[in-house]
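Welcome! Please take a moment to look over the sequence and the 3D structure below, and then read on for a short tour of charged pairs and a helix contact.

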Amino acid sequence: MRIGMPMAYSGGFAETADELVDYEKAGLDIVFVPEAYSFDSVSQLGYLAARTHNVRIASGILNIYSRTPSLLAMTAAGLDYVSGGRFTLGIGASGPQVVEGFHGIPFDAPLARTREVVEICRKVWRREPVVHNGPRYHLPLGWEHGGSGAGKALKLINHPVRERVPMLLAALGPKNVALAAELFEGWEPIFYHPEGAQAAFGDALAAGTARRVPDLPPLDIVVDTHVAITANSDERAVAEQQVREHLALYVGGMGTKGRNFYNDLACRYGFEEAAAEVQRLFLDGRKTEAIAAVPDELVRGVSLIGPPGWVRERVAAFAESGATTLNAKPLATTHERRVRDVAALKELSA
């Protein structure tokens with residue numbers, strides 16, 4: 001089991017980058033840098049590549065709308081080069097709030113777009129002339145699709161470190177999960193509940209695996225979670241409350257009623273009534289009540305919070321369900337404790 005960590009830098013990116021060196025020494029395998037509508041993650045990933053030596057770096061995630069497929073490929077090749085072959089290109093559809101609200105691009109056909117993005121990226125990395133005629137992307141762009149007709153089929157000038165940069169898809173919906181199992185090196189689900197994973201994702205993973213490209217390695221299942229290794233009941237309660245608030249925000253407040261991917265996921269895990277109640281309260285502006293309505297079973301099921309023995313049992317449950325990388329956000333209140341928890345989690349996962 002590999003140990004990853006999402007890089008949260010609300011206190012300042014440079015300071016957090018300094019701290020990442022300690023996590024690398026503690027055995028961290030991979031760090032994910034987010035990009036929603038914050039600073040871009042690409043410049044920061046390049047900075048991390050220069051500050052670290054062994055830890056892998058990953059975008060977590062770049063949306064497939066705001067950059068062209070060729071630019072995604074160029075970016076990944078560049079980051080793989082400056083990191084010495086340590087980069088993973090994490091992509092995803094994001095959602096209409098970001099894609100349409102912040103970028104002003106229609107949130108359409110995420111499945112079809114993702115499939116084409118993969119094809120184009122891998123063509124770029126192989127240094128083939130980029131020729132592609134799909135439903136959404138036309139390269140070169142001819143006059144029949146709005147171009148001038150002057151476009152040329154070009155290939156990447158540089159020679160990439162690897163002709164296939166690993167790609168990871170962040171996905172929750174059945175069709176996108178199946179696509180991850182078919183075409184990607186890795187798949188990243190949020191709020192992964194081991195006991196509910198088969199019901200939520202099993203059929204989709206099986207369908208995608210049946211069509212999996214033969215030369216791909218086994219799918220790396222990168223599950224997002226939170227970690228706080230402590231026998232102190234007060235510390236455990238504080239950490240669980242953070243997870244509860246996080247769940248309430250996503251299950252209750254993301255998207256709209258009838259179009260909330262995270263609420264749908266909670267329902268697929270078997271928490272239909274609770275998910276509906278959390279959403280109702282959150283959208284009514286009763287956030288405190290919405291947070292309190294998140295079930296304890298869900299909070300404890302998706303996190304790694306408690307004494308070492310409990311965490312070891314939960315790590316085993318994650319592994320048994322198919323998870324291969326724990327992307328664990330440390331919740332301790334000090335940097336020293338967070339580093340200690342990452343080191344302990346590495347040991348408990350061995």
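Is E182 buried or exposed? E182 is buried, with a relative accessible area of 9%; buried means under 20% relative accessible area, exposed over 50%, and partly exposed in between (1.4 Å probe, protein chains only).

## About the model

This is a predicted model, in which local features need pLDDT of at least 70, side-chain atom pairs count only at pLDDT 80 or more, and totals for chains, interfaces and linings use all residues. Residues are numbered from 1 along each chain as its sequence is written, and side-chain values use heavy atoms, with hydrogens and water left out.

## Salt bridges across the chain

Side chains of opposite charge can pair when their charged atoms come close. Here a salt bridge is a side-chain nitrogen of Lys or Arg within 4 Å of a carboxyl oxygen of Asp or Glu, and the count comes to 22 salt bridges. One of them joins D18 and R51, whose closest N and O atoms are 2.9 Å apart. D18 lies in helix 1 (residues 13–25) and R51 in helix 2 (residues 41–51), so this pair ties together parts that are 33 residues apart in sequence. Helices (H or I, at least four residues) and strands (E, at least two) are DSSP runs, numbered from the N terminus. Both partners are partly exposed: D18 has 42% relative accessibility and R51 has 27%.

Now back to E182, which meets R211 in a salt bridge (3.4 Å, N to O). E182 sits in helix 6 (residues 174–183) and R211 in the loop between helix 7 (194–210) and strand 10 (220–229), so the pair ties together parts 29 residues apart in sequence. R211 is partly exposed at 46% relative accessibility.

E240 and R300 form another salt bridge, with their closest N and O atoms 3.1 Å apart. This pair links distant parts of the chain, with E240 in helix 8 (residues 233–253) and R300 in helix 12 (residues 296–301), 60 residues apart. E240 is buried at 6% relative accessibility, while R300 is partly exposed at 36%. Salt bridges that share partners also join R122, R164, E185 and D215 into one network.

## Where helix 5 meets helix 6

The axes of helix 5 (residues 110–125) and helix 6 come within 10 Å and cross at roughly 20°; axes are lines fitted to C-alpha atoms, for helices over the stretch in contact, and angles run from 0 to 180 degrees between N-to-C directions. The two helices are therefore roughly parallel, a label for angles under 35 degrees, with over 145 roughly antiparallel, 65 to 115 roughly perpendicular and the rest oblique.

The contact (heavy atoms within 4.5 Å) includes R122 of helix 5 and E182 of helix 6.
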